[in-house]
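The following note sets out points for a colleague who is new to reading structures. Please keep the model in view while going through them.

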Amino acid sequence: MNKIFRGKYGPLALRIVSIALLLAVWEGAARWFIDPEFVSPPSGVVAELPHLFSDPKVVAAIASFFMELTIAFAIAVVAGTAIGLAVGATPFSYRSVFPIVLLLYAIPQITVLPLFILYFGLGTASKIAFGASHGIFPIVLNVVAGMKAVRPVHILSAQTMGASKMQIIRRVILPQMIPSLFAGMRLAMAVTLLGVVLAELYVSTTGIGYFTQTFSERFDPADLFGLITVLATIAIVLNEVARRLELHFSRWRSD
Amino acid sequence: MTGATRAEVAIEVSGASHSFSQGTRALAVLSEVSLSVRSGEMVSLLGPSGCGKSTLLNIVGGVLTPDAGSVLLDGHPLHGIMPHKISFVFQEHALFPWNTVFENLMVALEFQGVPAAERADRATVALDAVRMSEFRAFYPAQLSGGMKQRVALARGLSLETDILLMDEPFAALDEQTRMVFGEDLSVLLAKTGKTIVLVTHSLSEAVFLSDRIFVMTARPGKIKAVVDVPKEHPRTPDFVSSAQFGAIRGELYELLHDEIRASVESAQHVPKRDDG
Amino acid sequence: MAKSDRLRTRLVQAGFFVTLLAAWSIESALRLINPILFPRIENVATQFVNVMTSPATLGDVWTTMSTFGAAYGIAIIAGISVGYVVSTSRLFTKTYEPVLAAFYTVPLLIFFPTFILFFGTGVKSKIALGCLAAFFPIALNTIAGFTSVDRNLRTAAISFGASRIQMLRRVLLPGAFPIILTGLRIAFIPCFASVLAGEIIASDSGLGHEISQNAQMMETARMFAYVFLVIIIAALFNLGLSTWETRRGRTLV
């Protein structure tokens with residue numbers, strides 16, 4: 001095997017071959033062995049996609065999902081950064097507030113999902129709120145970590161050159177924090193996504209939850225797989241974007 | 001020209017004592033240190049590890065206020081940091097890794113309050129002086145130790161202060177880079193006429209660069225002796241192999257030998273103030 | 001964390017908790033918030049006692065925990081096996097490790113509807129979800145663990161004539177063990193949370209189901225009681241894990 005898949009593109013080729021094999025097995029099994037009510041062959045899923053997208057309600061559900069995700073993420077980043085800066089600002093605030101953050105972080109958030117729905121209703125607000133409540137934690141944790149990583153010698157150096165407090169924050173502390181912030185954003189994107197998906201699936205009266213439920217009840221695996229593939233693709237793309245941004249902004253790091 | 005002709009005292013330290021608290025105990029680091037540095041002189045503070053030479057440098061720079069004693073700059077008492085009179089060159093870690101070489105200098109000038117229009121010129125001139133102009137767009141992580149130190153020096157020079165304080169600037173460099181850097185430094189500083197205080201634990205460096213060397217005792221540090229190096233700047237590599245160099249170095253070694261032994265055998269470690 | 005830091009952290013957390021309880025008691029007494037949205041502390045306490053003494057609760061706890069146990073167990077077996085196989089060849093590692101890492105970032109919950117399609121709303125769908133959630137960190141850490149075993153050790157073992165099995169037992173497993181253990185530890189929360197999520201979203205039994213049911217019936221006090229029960233179980237697990245880690249003499253992040 002090593003001989004066939006040699007060289008720089010070896011792994012890539014093997015990956016393609018593996019996926020092709022997997023799809024082939026899936027296609028074969030779905031067509032001839034498994035009950036079509038449960039599994040749809042890949043060809044079926046692909047064939048069904050145009051039909052799926054032609055339904056405006058489905059498109060609206062996906063668009064709504066995307067919008068909720070964006071807003072939840074934005075809230076998580078802004079609020080998380082503000083909280084993180086406040087917590088990390090002084091040793092006192094760190095020691096008194098950070099343990100509370102850790103405590104909240106330890107609670108499995110899924111348990112309060114029904115509560116969020118109760119408070120914010122069945123609409124988009126609860127999904128945004130729930131998503132944001134997930135995303136806020138990695139941001140806070142990373143901003144605080146970034147602030148702690150500021151090296152005293154840099155602050156001292158800036159002081160000896162006559163820097164004011166504002167200048168030290170702008171020129172020394174914030175730039176050091178940016179890689180941590182972007183790492184936090186990468187994590188926040190993943191968990192905000194999870195939060196929004198959770199909320200969407202829970203509410204089966206509208207949105208994506210409605211369609212996953214309907215497609216299941218109709219025993220329409222092609223549509224269901226199609227929808228899931230779309231969501232998975234969105235997740236992978238967003239994560240990749242976040243990852244690249246993180247790499248870009250961490251360029252100056254030698255560690 | 002070096003300080004031999006100018007008699008004004010740029011820096012005067014009188015009876016400086018300082019101790020650091022470690023838990024419940026106080027560790028005396030400096031004990032009644034007095035010294036004076038003439039304007040335009042380059043002096044070294046030479047001593048074993050932990051003798052308080054970095055602390056003394058920080059006191060001279062206004063970063064630290066001594067428990068007892070005073071510091072006068074040009075006759076005026078020193079109360080704190082003076083960014084327009086004193087600039088520091090720390091060990092290599094002091095460059096901002098998120099800025100390029102050029103940006104590092106620009107930011108320093110911004111801190112000092114130099115008008116925006118002048119900054120670029122001052123930065124460029126300083127980089128030219130240390131021959132790092134072609135690296136202006138590089139990040140510190142992409143530079144070698146010697147190059148980083150040159151940038152740090154350029155930054156210190158660009159601030160155009162009368163006094164330059166350098167805390168073991170060669171410590172992170174290898175032997176060969178040190179030799180070259182030392183020569184460059186000598187040339188450069190002879191041109192600018194600044195008053196320079198250098199902290200080092202290397203005898204050769206001290207002899208090569210300084211007009212006078214303050215030899216310190218082991219902790220708590222006092223000035224044990226002052227050794228003159230009556231050779232004009234800029235000094236060339238052949239100075240190192242001269243008899244004069246050897247003699248002075250030998251004298252330093254004799255003075256320091258017992259102090260080094262004492263500090264090696266003492267059990268305490270005092271963390272440096274600017275530990276990253 | 002230094003011992004004094006840890007103590008201080010715990011004190012702050014305890015203090016926070018006490019303050020919350022106090023605030024809640026005051027709110028309950030003053031009747032400030034609509035009890036359907038936010039129940040009175042005494043009602044929650046009553047319901048909690050009720051839940052803890054009800055025989056049905058044991059069944060629910062058992063459902064949830066056994067689902068979790070099955071999911072976690074299957075994931076361990078599958079994850080370590082797959083991880084080991086991938087780690088045996090550099091080609092496999094370079095090929096599949098990034099694929100696994102990519103899948104790790106997808107919220108695996110989106111596959112839950114297909115599990116419901118296959119298995120219905122019974123425990124099997126939750127086992128599948130939990131298993132999927134735990135699989136990736138375990139497999140990834142297994143790969144990392146086995147590949148981290150110093151090449152020199154492996155070469156030395158081969159030169160001594162070790163068979164594949166001996167190599168596995170004597171060289172690879174001991175070397176990889178700490179990292180694999182970390183993977184098991186990391187997989188824990190996603191697995192438990194996924195099982196709960198599955199129970200909340202679509203289920204007919206289990207603690208998550210009770211939470212969801214009571215919320216829908218506006219029985220908020222009882223819902224809170226179940227939430228607290230879940231939190232206590234999660235906390236006990238965490239405590240157990242960290243005590244076990246400390247006993248073993250190392251803290252795995």
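How many residues of chain C are in contact with chain A, and with how many residues of chain A?

1. The structure is a predicted model. In it, 38 residues of chain C are in contact with 42 residues of chain A. On the side of chain C that touches chain A, two or more residues each come from α1 (3-30), α4 (90-104), α5 (112-119), α8, α9 (207-216) and α10 (220-248) of chain C. Sorted by class, this side of chain C holds 29 nonpolar, 7 polar and 2 charged residues.

2. Of the 2 pairs of chains that touch, chains A and C have the most contacts. Chain B and chain C do not touch, and their nearest C-alpha atoms lie 15 Å apart.

3. The contact between chains A and B takes 18 residues from chain A and 22 residues from chain B. On the side of chain A that touches chain B, the elements giving two or more residues are α7 (152-160) and α8 (165-202) of chain A. The most, 8 residues, is given by α7(A). This side of chain A divides into 8 nonpolar, 8 polar and 2 charged residues.

4. Which residues have the most contacts inside the largest nonpolar core? They are L113(A), L198(A), A75(C), A134(C) and C191(C), in a core of 117 residues. The largest share of this core comes from α8(A), with 18 residues. Apart from this core lies another, of 80 residues, including A163(A), L127(B), L209(B) and V229(B).

5. A75(C) deserves a separate look. Leaving aside residues up to four places away in sequence, A75(C) touches C131(C), A134(C), F135(C), I138(C), A187(C) and C191(C).

6. Two packed helices are described by the angle between their axes and the distance between the axes. Helix α3 (residues 55-87) and helix α8 (residues 164-201), both of chain C, pack at an angle of about 140°, and their axes are 9 Å apart. That angle makes α3(C) oblique to α8(C). The crossing of α3(C) past α8(C) is right-handed. From α3(C), the contact is made by T64(C), T67(C), F68(C), A71(C), Y72(C), A75(C), I76(C) and I80(C). From α8(C), I180(C), L184(C), A187(C), C191(C), F192(C), V195(C) and E199(C) take part. By class, this contact of α3(C) with α8(C) has 12 nonpolar, 2 polar and 1 charged residues.

7. A second pair of helices lies in chain A. Helix α9 (residues 207-217) and helix α10 (residues 221-249) of chain A pack at about 150°, with axes 8 Å apart. Angles over 145 degrees count as roughly antiparallel, and α9(A) and α10(A) are therefore roughly antiparallel to each other. Their crossing is left-handed. F211(A), T212(A), F215(A) and S216(A) of α9(A) meet D223(A), L224(A) and L227(A) of α10(A) in this contact. The contact of α9(A) with α10(A) has 4 nonpolar, 2 polar and 1 charged residues.

8. Is helix α1 (residues 53-60) of chain B largely enclosed or largely open? In α1(B), 8 of the 8 residues are buried, so this helix is largely enclosed by the rest of the structure. Among the buried residues of α1(B) are K53(B), S54(B) and N58(B), as well as L56(B) and I59(B). G62(B), with a positive phi near 80°, follows α1(B).

Terms used. Residues numbered from 1 in each chain as written. Chains lettered and ligands numbered in written order. Predicted model: local features only at pLDDT ≥ 70, side-chain atom pairs only at ≥ 80, totals over all residues. Axes fitted to C-alpha atoms, helices over the stretch in contact; angles between N-to-C directions. Helix = DSSP H or I, 4+ residues; strand = E, 2+ residues; numbered from the N terminus. Parallel < 35°, antiparallel > 145°, perpendicular 65-115°, else oblique. Left-handed = near helix turned anticlockwise from the far one by under 90°. Contact = placed C-beta atoms within 7 Å. Nonpolar A, V, L, I, M, F, W, Y, C, P; charged D, E, K, R; others polar. Core = buried A, V, L, I, M, F, W, Y, C linked by C-beta atoms within 7 Å. Buried ≥ 20, exposed ≤ 12 C-beta atoms within 10 Å, placed from the backbone.
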